[in-house]
Amino acid sequence: MGISLGPNQYGKAEVRLVTVRRTGGVHHLRDLTVSSALRGDLSATHLTGDNSAVLATDTQKNTMYAFAKQQDVGEIEDFALRLGRRFVDTQEKITGARVSVEEQEWDRITVDGAPHDHSFSSSGGERRTTTVTVHADRAWVVSGVDGLVVLKSTGSEFHGYPKDEYTTLVETDDRILATAVTARWRYEGFTGIDWAKSHREIRQTLLETFATKHSLSLQQTLYAMGEAVLRARPEVAEIRFSLPNKHHFLVDLSPFGLENHNEVFYAADRPYGLIEGTVVRDEAEEPGPAWTDAVL
Ligand SMILES: O=c1[nH]c(=O)c2[nH]c(=O)[nH]c2[nH]1
């Protein structure tokens, strides 16, 4: 009975690559997910474990990050072609490379009508929500937003936290801060509220505060967003947040002789910090049963 190796390929899938380019104070963000798959004479590794033709998938990933630093990413087609050619041209046994790139688009957050220099939002999975609780004599309304994705490429620091024998996190005075805002706000005295307008303006307050508040922690940003909503919206008694800290780690390009001045990041999807909190107006009524079904 003859047995042989059929078609095969290998590569690194879904490399999360975020770049920030600066022109003056204006930041330009690119958010790519890159996958490679190489083909060629790879029978040796499958049959005997001889890896002499196997460009490690880790190297493929590093090449993506290094190329993103060395030259402007440009169009995703050009970036993919540069990578594909690199793998085929430098590896004798590799005869074909397939490189796929998905780009996540970001829009600039508008602050006072003008596009912000370094704060972005990403439409897509965002949802507007409401949960109402109705009793015979009154009702409660809790509305909100899910999946409002925002990112600022500067204006965020994190330091001053306790260091113990398990601490490896490096303090930073300039990092990417990104989250997907889940917010729920409870209305009070809500006769005559224009729900759509209220939602639109609360959303805008959340965006503007995220953009303009210089952040020393996501917790501080959470409170600032809640405070801004309560100050601007008398109809809101309380607002609750669940904010995943979508970590963007600086890629260490020093093994390749390259510096990384907050230009090339690895966007991790998990684990993530999860920052949750409530901001309440002091004189607000008791929420009663309002939150029972409004799980954050
Ligand atoms: O804004 C932050 N808050 C934290 O509590 C925290 N913890 C951490 O590791 N990074 C951060 N960032």
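Visitor: Let's start with Glu235: does Glu235 count as buried or exposed?

Guide: Keep in mind that this is a predicted model. Glu235 sits in the loop between α5 (218–232) and β9 (236–245). Buried means under 20% relative accessible area. At 12% relative accessibility, Glu235 counts as buried.

Visitor: Which side chain does the side chain of Glu235 make a polar contact with?

Guide: Start with the contacts beyond four places in sequence: Glu235 touches Arg186, Tyr187, Glu188, Ile193 and Ser198. The polar contact of its side chain, at 2.9 Å, is with the side chain of Arg233.

Visitor: Stepping back, is the protein chain a compact globule or more spread out?

Guide: The chain has five helices and 12 strands. The globule rule gives 19 Å for 296 residues, while the radius of gyration is 24 Å, well over that, so the chain is more spread out than a compact globule. Along the principal axes, its C-alpha atoms fill a box of roughly 80 × 55 × 45 Å. In short, the answer is more spread out.

Visitor: What share of the residues in the protein chain is buried?

Guide: For the surface, the accessible area comes to about 15800 Å², with 49% of it belonging to carbon and sulfur atoms. As for the 296 residues, the buried share is 45%.

Visitor: How far apart in space are Val141 and Trp291, C-alpha to C-alpha?

Guide: Val141 is part of strand β7 (residues 139–152), and it is buried, at 8% relative accessible area. Leaving out residues up to four places away, Val141 touches several others, including Arg186 and Tyr187. Val141 and Trp291 are 150 residues apart in sequence, but the distance in space is 9.1 Å.

Visitor: Which peptide bond is cis, with omega near -5°?

Guide: Most peptide bonds are trans. The cis bond runs from Arg270 to Pro271.

Visitor: What is phi of Asp112 near?

Guide: Most residues other than glycine have a negative phi. Asp112 lies in the loop between β4 (107–111) and β5 (114–122), and it is exposed, with a relative accessible area of 72%. Its phi is positive, near 50°.

Visitor: And Glu14: where is its phi?

Guide: Glu14 comes in the segment before β1 (15–23). With a relative accessible area of 59%, Glu14 is exposed. Its phi is also a positive value in a residue other than glycine, near 60°.

Notes
Residues are numbered from 1 along each chain as its sequence is written. This is a predicted model: local features need pLDDT of at least 70, side-chain atom pairs count only at pLDDT 80 or more; totals for chains, interfaces and linings use all residues. Side-chain values use heavy atoms; hydrogens and water are left out. Helices (H or I, at least four residues) and strands (E, at least two) are DSSP runs, numbered from the N terminus. Buried means under 20% relative accessible area, exposed over 50%, partly exposed in between (1.4 Å probe, protein chains only). A polar contact is a pair of N or O atoms within 3.5 Å; within protein, one must be able to donate a hydrogen and the other to accept it, and residues adjacent in sequence count only if both atoms are side-chain atoms. Contact means heavy atoms within 4.5 Å. The radius of gyration is taken over C-alpha atoms; the globule rule is 2.2 Å times the number of residues to the power 0.38. Accessible areas come from the Shrake-Rupley method with a 1.4 Å probe; for residues, only the protein chains shown count as cover.
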